[in-house]
Amino acid sequence: MMDEPQDTLDDANAVLRSALVGDSDAVVGTFDAVVDRSGVAGAYEVAWRLAATMVGEQVPRGSWTLEFPGIDEANYDARWVARFVSAYANADIDTAEALFGAALTDGQLPDCLLTLAGSAVATIRHRKP
């Protein structure tokens, strides 16, 4: 969707590698290092890259709807991930930024990012033959 700095790609890959081996402390540590280096905006860029990984590159842009039965009853982090990935699929940056800001304000961002990393890994595993 956009040209990304190499740091963002490297950080997203580090998050995915850690999540693939189930090292949630390393996932959190990578996001903490990103925030220390680039602020919350850097963490947003890594999250956007993770959403891109989940959606894939060959998805036509357009109007996508969120099909997630029971979304309103799901935990905050699961609802956030579903909506953030949906915002990515729809190229809806305003919604993605609003979701990110709301999770930060609500004190839920670390859990949301950890769930996003886990969801990205689950998607990668599901795609492998």
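## The second largest pocket

The lining of the second largest pocket divides into 11 nonpolar residues, no polar ones and 1 charged. Nonpolar here covers Ala, Val, Leu, Ile, Met, Phe, Trp, Tyr, Cys and Pro; Asp, Glu, Lys and Arg are charged; the others, Gly among them, are polar. This is a predicted model: local features need pLDDT of at least 70, side-chain atom pairs count only at pLDDT 80 or more, and totals for chains, interfaces and linings use all residues. Residues are numbered from 1 along each chain as its sequence is written, and side-chain values use heavy atoms, with hydrogens and water left out.

The pocket holds about 180 Å³ of space. Its lining includes V27, F31, D32, L104 and P110. Helix α2 (24-55) gives the largest share, 7 residues.

## Where α3 meets α5

The axes of helix α3 (residues 76-89) and helix α5 (residues 109-127) come within 9 Å and cross at roughly 65°. Axes are lines fitted to C-alpha atoms over the stretch in contact, with angles from 0 to 180 degrees between N-to-C directions. Helices are DSSP runs of H or I, at least four residues, numbered from the N terminus.

On the α3 side, the contact (heavy atoms within 4.5 Å) includes Y76, W80 and F84. On the α5 side, L109, C112 and L116 are among the residues involved. By class, the contact has 9 nonpolar, 2 polar and 2 charged residues.

## G118

G118 is found in helix α5. A19 is 99 residues away from G118 in sequence, but 6.1 Å away in space, C-alpha to C-alpha.

Terms used. Helices (H or I, at least four residues) and strands (E, at least two) are DSSP runs, numbered from the N terminus. On a 1 Å grid over the protein atoms alone, a cavity is a set of points where a 1.4 Å probe fits but cannot get out, and a pocket is an open set with protein on both sides within 12 Å along at least five of seven lines; lining residues have an atom within 4 Å of a point. Grid points are joined across faces, edges and corners, and a volume is the space filled by probe spheres set on the points.
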